[in-house]
Amino acid sequence: WISWFCSRPGHEYYCRVPESYIEDGFNLVGLSEQVPLYREALEMILDVERDEEEMSSKIPDVSLLVPNAEMLYGLIHQRYITTAVGLRDMLNKYRTGQFGVCPRVYCDKFKLLPCGQSDIHLQGSSVRLYCPNCKDLYQCANRYININGAHFGTTFPHLFVEAFKNEVTPRPPQIYTAKIFGFRVNERSPAGPRMQWLRLNPPSS
């Protein structure tokens, strides 16, 4: 099931969570309260064969379990990619530019990282893309719009940056300066720049 899920079109952001990680109950603490039909969804993810009569008595159509299994796998995935092994798996994707590059001109195609705006599975909360250079969030391509942000969570991109500082090195800040006939627009003007300090990086110690 995991291979099928990760190989589906639009699921390239996901990495394959080892079954050994999923089978360790410690890694799944608290998820049974968030996912309906938790046990059945977990068995689907792990390809556990159950008696058809037993299954049909509870779930008339096994395909109805797929959304629950996807939700559960996504929440497990959120936890896995914050482990040492999971971070390494995501590093391989980052190196190949799997998550795309920042659309901001002055970031000069800085590589992005997937990010959620919540750690809880919220309906309609799509995955976003975080730029470690300008520290901002961006929309993902339509291909990935159905991926829930909770499948990556709020911690991953920032932990990734801390773990791989040699791989993710912000560039010297460049800020666009608005000008009219060669003169810089004053900050007090309605058309002037706002909060430019947000684009600045603190001096390295």
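Q: Contact means heavy atoms within 4.5 Å. Leaving aside neighbours within four places in sequence, which residues is Val-66 in contact with?
A: This is a predicted model, where local features need pLDDT of at least 70, side-chain atom pairs count only at pLDDT 80 or more, and totals for chains, interfaces and linings use all residues. Residues are numbered from 1 along each chain as its sequence is written, and side-chain values use heavy atoms, with hydrogens and water left out. Val-66 has its place in helix 5; helices (H or I, at least four residues) and strands (E, at least two) are DSSP runs numbered from the N terminus. Once its neighbours within four places in sequence are set aside, Val-66 is in contact with Trp-4 and Met-44.

Q: How far apart in space are Val-66 and Ile-45, C-alpha to C-alpha?
A: Val-66 is partly exposed, with a relative accessible area of 22% (buried is under 20%, exposed over 50%, partly exposed in between, with a 1.4 Å probe and protein chains only). In sequence, 21 residues separate Val-66 from Ile-45. From C-alpha to C-alpha, their separation in space is 9.2 Å.

Q: What length does helix 5 reach from its first C-alpha to its last?
A: Helix 5 covers residues 66–80, which is 15 residues. At 1.5 Å a residue, 21 Å is expected, counting one less than the number of residues. The model comes close to that, with a reach of 20 Å.

Q: Is Asn-27 buried or exposed?
A: Asn-27 lies in the loop between helix 2 and helix 3. Not counting residues up to four places away in sequence, Asn-27 touches Tyr-21 and Arg-79. Its relative accessibility is 15%, so Asn-27 counts as buried.

Q: Which residue in the turn between strand 2 and strand 3 has a positive phi?
A: Strand 2 (residues 128–131) and strand 3 (residues 136–139) run antiparallel and are joined by 4 bridges; pairing takes at least two DSSP bridges. Arg-128 stands opposite Gln-139, while Cys-131 stands opposite Asp-136. The strands form a hairpin with 4 residues between them, and the turn residue with a positive phi, about 60 degrees, is Lys-135.

Q: Which strands stand at the edges of the sheet?
A: The open sheet has 3 strands in the order 1-2-3, with antiparallel pairing. Each edge strand has a single partner, so one side of each is left without a neighbour in the sheet. These edge strands are strand 1 (113–115) and strand 3.
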